[in-house]
Amino acid sequence: MIVPGASSQALAAAVATAMDEPLAAVEYDRFPDGETLAAVPDFDGGRAVVVATTDSNDAWVELLQLQDAVREAGADRVVTVIPYMGYARQDAAFEDGHPVSARAMAKAVSTGADRVVLVNPHEEDLASFFDAHVTIVDAASRLAAPLPDDLDDPLFLSPDASAVELAGSVREAYGRGETDYFEKVRHSGTEVEVTPSDADAAGRDVVIVDDIVATGSTMSEAVAHLQSGGAARVFATCVHPLLVRNARTKLERAGIERIVGTDTVERAVSAVSVAPNVAAAVDAVTQ
């Protein structure tokens, strides 16, 4: 049975359809003191697949509750799918006294999961934080499908070198174009400095590819450089469209043609689903 977290109901339903398995009727509640409760139906043994994006503190608590609830209800195996893993960028102690928050979250999830599936985590090394077996799913190639067929001499750019493989995956799926990346220096959670790449964007359609768009600062800075360099249409694509605060407004004001994301985080821009990739990964780890 596929068990949805509150933030992943549409994706979990798509996974259930892809796997031809039932979708659990989960109930989400909140007590007057603010505590949450996630309840599941009874299981007649077998495998439970929890699909829960952790885009908030409440979502993390709910995921732990769902893992415990399916065990209590009779599931004998738990596969936890985390489409977007929050706290993944806190993967080191950046100053004395700081926690490695990603590790703390991974350890907590490992107490209730036999297998874990992550979709494009911020760094693949995050898998080492889990005690459970981890499978990493790359869904970046799915971002090519919503793009127009008539891109003019397309240039696929990542905002920094760490994401250039994502840009390459999208370019390969699209079938033509060039790949390059910007140089990025992050000064704070909202302030970034982006240096243009050597690739000539003048008169070309450009697709910026990143794993996460949160505040939109990096992406909008990249768009500004491209516009000043004479780029034609500029598309923003990402696997995880968090789009917090005024990110959408920043990107629209920067002159973006379209924003495309997947449903790892369910937003209005989630134009394509990672369900086929997730279903294949779950099947593979539970054979």
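Modeller: Buried means under 20% relative accessible area, exposed means over 50%, and partly exposed lies in between (1.4 Å probe, protein chains only). This is a predicted model, where local features need pLDDT of at least 70, side-chain atom pairs count only at pLDDT 80 or more, and totals for chains, interfaces and linings use all residues. Residues are numbered from 1 along each chain as its sequence is written, and side-chain values use heavy atoms, without hydrogens and water.

Colleague: Why is Gly-177 called partly exposed?

Modeller: Its relative accessible area is 37%. That value lies between 20% and 50%, so Gly-177 is partly exposed.

Colleague: Where is Gly-177 placed?

Modeller: Gly-177 is in the loop between helix H4 (164–174) and strand E9 (178–181). Helices (H or I, at least four residues) and strands (E, at least two) are DSSP runs, numbered from the N terminus.

Colleague: Which residues is Gly-177 in contact with, leaving aside neighbours within four places in sequence?

Modeller: Pro-154, Phe-156 and Arg-171. Contact means heavy atoms within 4.5 Å.

Colleague: What makes both faces of strand E8 covered?

Modeller: Leu-155 and Leu-157 are buried on one side of E8 (residues 155–158), and Phe-156 and Ser-158 are buried on the other.

Colleague: How do you know that E8 and E9 pair?

Modeller: Pairing needs at least two bridges found by DSSP. E8 and E9 have four, in the parallel sense, so they pair. Ser-158 stands opposite Tyr-181 in E9. E8 also pairs with strand E12 (residues 206–213), in the parallel sense over three bridges. There, Phe-156 stands opposite Val-207.

Colleague: What makes Arg-30 and Asp-58 a salt bridge?

Modeller: A salt bridge is a side-chain nitrogen of Lys or Arg within 4 Å of a carboxyl oxygen of Asp or Glu. The closest N and O atoms of Arg-30 and Asp-58 are 2.5 Å apart, so the pair counts. Arg-30 is in strand E2 (residues 27–30) and Asp-58 in helix H2 (residues 57–72), 28 residues apart.

Colleague: How do you know that Arg-77 and Asp-76 meet in a salt bridge?

Modeller: Their N to O value is 3.7 Å. That is within 4 Å, so the pair counts. The structure holds ten salt bridges.

Colleague: Why is Asp-205 called buried?

Modeller: Its relative accessibility is 3%. That is under 20%, so Asp-205 is buried. Salt bridges that share partners join Asp-150, Asp-205 and Arg-233 into one network.

Colleague: Why does Arg-233 count as partly exposed?

Modeller: Its relative accessibility is 24%. That lies between 20% and 50%, so Arg-233 is partly exposed.
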